[in-house]
Amino acid sequence: MTAGAPRPKVGAVVLTMNDRPEEFPRAMASLLAQQGVDLDVVVVGNGCRPAQVPAGVRTIELPENVGIPEGRNVGAAAVTDDRDYLFFFDNDAVLPAADALARLATELDYDARLAYVQPRIVDPNSGVTQRRWVPRLKASDPTRPGTVTVMAEGVVLIRRSAFQAVGGWPGHFFLFHEGIDLAWRLWDRGFTGRYLPAVTVHHPATTPARHVTFYRLNARNRVWLARRNLPRVLIPFNLATWLALTLWRFRDRAAIRASLSGLREGLRGGHGTRAPMSWRTVVQLTRCGRPPVV
């Protein structure tokens, strides 16, 4: 940012279930230490009253756990109206540099077609960036920047007007694939996304498969993702690709059974409003390295 320029107005949304008593204070301290931005922070208690919240930070208490995407929607709606950007931040992440948010916001300031920017997520102990944190198919070099068609939703800065234009996160997904759904809808509105690995965020390297519901929700939401967003002719290709990869990757019979159960659940319905992307968007996504059947 140039000297004297107005500071970007950022609304930050952090979810908590009061289950990370050590990580959450570190996450909040690093967020509140950000410089060069006008910051409004909302902490959403997903089924709890938020604890360990720093003074001056607004909170929302939800009576039940509504899932990650819907919890983030609630937080985004509570951000003050004058915020231009929304920053969604996991409660076990840490911003190691005080100018991280300002650098991300500067990218959005420069390009009106850019809807979201994602930093590079790094495990603080090993220095490793997990494959699933790199928002493209070719992830061998996590330090390579560029245009991306999906996002790692746990640490991402999004243009608020674009977020609102597409209806926010798919709240009914509860967990998994909501970032792909949002990114596809943003691209279908003419926006793009960018990966900025020069800006780093620390996040412990865990696997989502540690959750007992991972396999079922992962499969169900993959079906919902396709049925909500793809032209009908592409849906079977998308699901066939996912099924082939699932059978190849998973060796545990219980995991395969749970995945097939989620597949059946997704096929029964519940995906919500169908708004298939245009064929122009399909072409654009493919040209940018990720055809929407993979």
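This is a predicted model: local features need pLDDT of at least 70, side-chain atom pairs count only at pLDDT 80 or more; totals for chains, interfaces and linings use all residues.
Residues are numbered from 1 along each chain as its sequence is written, and side-chain values use heavy atoms, without hydrogens and water. Local features need pLDDT of at least 70 and side-chain atom pairs count only at pLDDT 80 or more, whereas totals for chains, interfaces and linings use all residues.

Two packed helices are described by the angle between their axes and the distance between the axes. The axes of helix 7 (residues 235–249) and helix 8 (residues 253–267) come within 11 Å and cross at roughly 165 degrees. Helices are DSSP runs (H or I, at least four residues) numbered from the N terminus; axes are lines fitted to C-alpha atoms over the stretch in contact, with angles from 0 to 180 degrees between N-to-C directions. Helix 7 and helix 8 are therefore roughly antiparallel, a term for angles over 145 degrees.

In the contact (heavy atoms within 4.5 Å), Leu239, Trp242, Leu243, Thr246 and Leu247 of helix 7 meet Ile256, Ser259, Leu260, Leu263 and Leu267 of helix 8. These residues comprise eight nonpolar, two polar and no charged. Nonpolar covers Ala, Val, Leu, Ile, Met, Phe, Trp, Tyr, Cys and Pro, charged covers Asp, Glu, Lys and Arg, and polar the others, Gly among them.

The second largest pocket is lined by residues including Trp184, Arg185, Asp188, Arg228 and Asn229. A pocket is an open set of points on a 1 Å grid over the protein atoms alone, where a 1.4 Å probe fits, with protein on both sides within 12 Å along at least five of seven lines; lining residues have an atom within 4 Å of a point. Helix 5 gives the largest share of this lining, three residues. The lining of the second largest pocket holds five nonpolar, two polar and four charged residues.

Technical notes:
Helices (H or I, at least four residues) and strands (E, at least two) are DSSP runs, numbered from the N terminus. Angles under 35 degrees count as roughly parallel, over 145 as roughly antiparallel, 65 to 115 as roughly perpendicular and the rest as oblique.
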